[in-house]
Amino acid sequence: ARRHVVRATLSSLESQLDSGSFLRIHRSALINLRRVRELRRHSIGGLTVVLLDGTALPVSRNRRAQLMEKLGPTY
């Protein structure tokens, strides 16, 4: 996976990106919704997003409902 160094806050990037395609799922993670491969639910109520490249990222409790709304019933 390629990495890019950007000198901007996630809040700033979030405001510039298309909200239909990108979503902040955690205070330290902003994802492209088209790159989501699967969601993993944990027995203790947690949720992890797995991207197409295999990267696994935690979803904060405060962002779960918005993520589920954006991804739709297929997840």
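How many residues lie between β1 and β2 in their hairpin? The hairpin of β1 and β2 has two residues between the strands. The model is predicted, so local features need pLDDT of at least 70 and side-chain atom pairs count only at pLDDT 80 or more, while totals for chains, interfaces and linings use all residues. Residues are numbered from 1 along each chain as its sequence is written, and side-chain values use heavy atoms, with hydrogens and water left out.

**View 1. The hairpin of β1 and β2.** Strand β1 covers residues 22-26 and pairs with β2 in the antiparallel sense over four bridges. Strands here are DSSP runs of E with at least two residues, and helices are runs of H or I with at least four residues, numbered from the N terminus. Two strands count as paired if DSSP finds at least two bridges between them. R24 has L30 in β2 as its bridge partner.

**View 2. N32 and its surroundings.** N32 is found in strand β2. A polar atom of the N32 side chain lies 3.0 Å from the backbone nitrogen of R34. A polar contact is a pair of N or O atoms within 3.5 Å; within protein, one must be able to donate a hydrogen and the other to accept it, and residues adjacent in sequence count only if both atoms are side-chain atoms. Leaving aside residues up to four places away in sequence, N32 touches S21 and F22; contact means heavy atoms within 4.5 Å.

**View 3. The open sheet of β3, β4 and β5.** The three strands have the order β3-β4-β5, with antiparallel pairing. β3 (36-41) and β5 (56-58) are the edge strands, each pairing on one side only. On average, neighbouring strands of this sheet are turned by 25 degrees against each other, direction ignored. Helix α2 (residues 64-71) packs on the sheet and touches β3 and β4, its direction making about 135 degrees with that of β3. Axes are lines fitted to C-alpha atoms, for helices over the stretch in contact, and angles run from 0 to 180 degrees between N-to-C directions.

**View 4. Pairing along β4.** β3 and β4 pair in the antiparallel sense over five bridges, and R40 has T48 in β4 as its bridge partner. Five residues lie between the strands in the hairpin of β3 and β4, where G45 takes a positive phi near 95 degrees. Strand β4 (residues 47-51) also pairs with β5 in the antiparallel sense, over three bridges. In that pairing, T48 stands opposite P58 in β5.
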